[in-house]
Amino acid sequence: MTRAATVRRIRRQAGEAVFLRVAGPDGPRNRARIHTTPGPRWFAPERPVRRVHGDASMFVGGLAALLLQSLHPLAMAAVAAHSGYRGDPWGRLHRTSTFLAVTTFGTSSDAEAAVARVREVHARVRGRTADGVPYRADDPELLTWVHIAEVDCFLRAHQLYGRWPLDPAGCDAYLADTAHVARALGADRPPENAHELALRMARYRPGLRPTAASRDTARFLLTDPPLPGAARLPYALLAAAAVELLPPWAKSAVAAEVPAAARIPPLVARAGGRAVTRSIRWALPPAPPPPPSG
């Protein structure tokens, strides 16, 4: 076997392993359906949401988003009680990645159906925190927090680790794109530009704090992920890059759950984040071509 053929084989095997880990066993079939089914889409091919959500920087941004979201006590209580993130972490990842793919790249009818399924699930999630505070997953305030934590982290990651960072107008356009999905899910006036995002984040800030559940989540995600040994070093670099991505107040809360001996210095975390995202980008196969228009 030639060297070029060996490299192609390694690239294919690595890409398949990463994709199946994120998208699940139905990932290849879902991917083909999402990208090749004819029909109108919520977002045109040139829209910024497609650039951001299709880039390997989402591996860093997605992990950072989970850590940031966990600092809202009500949101974290709902996740801890109902999401099965410990019992079925990969299933949760598969569902989340598929939802993002469908709403970003799929047909409008498939996107609408995906949103309807999520809203149906949210309508059944009710409970109380350990302090007795009631919550419900379809609360517009909670939905808005989950949304802004996601897009803030996705955008931060893309600007630092993405192949083609956005200019300021592109960042605003990305937030306007994602606000469309958030409104469909029931969020309350999701931000449509960077200024609005900063204002909404500041409004939530007084109520954000670490809890026993968020600390448990941070330890699970950062120090005890359900991964084979060979994947632990790349994941550790991604995790360190995700922590570095957080606002300073959130970073200090999350990093406290990582043992001092396992902490990675910021410069190493950023360099590792760049190396791992580039490797993932190299390994992952390109998306199937879209169906012909008209």
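In which helix does S108 lie? In this predicted model, S108 lies in helix α7, which spans residues 108-124. The residue is buried, and its relative accessible area is 14%. Leaving out residues up to four places away in sequence, S108 touches P40, R41 and W42.

T129 is found in a loop, the one between strands β1 (126-128) and β2 (134-136). T129 also counts as buried, at 15% relative accessibility. Apart from neighbours within four places in sequence, T129 is in contact with P73, L74, A77 and Y135.

How many disulfides does the model have? The count comes to zero. A disulfide would need a pair of cysteine sulfur atoms within 2.5 Å. The sulfur of C153 has its closest cysteine sulfur in C171, 14 Å away, which is too far for a bond. Seen from C171, the closest cysteine sulfur is that of C153, again at 14 Å and too far for a bond. Both cysteines are buried: C153 has a relative accessible area of 0%, and C171 has one of 11%.

| Residue | Relative accessible area | Class |
|---|---|---|
| S108 | 14% | buried |
| T129 | 15% | buried |
| C153 | 0% | buried |
| C171 | 11% | buried |

Why do these residues count as buried? Buried means under 20% relative accessible area, and the value for S108 is 14%, while that for T129 is 15%.

Conventions:
Residues numbered from 1 in each chain as written. Predicted model: local features only at pLDDT ≥ 70, side-chain atom pairs only at ≥ 80, totals over all residues. Heavy atoms only, no water. Helix = DSSP H or I, 4+ residues; strand = E, 2+ residues; numbered from the N terminus. Buried < 20%, exposed > 50% of the residue type's maximum accessible area, 1.4 Å probe, protein only. Contact = heavy atoms within 4.5 Å.
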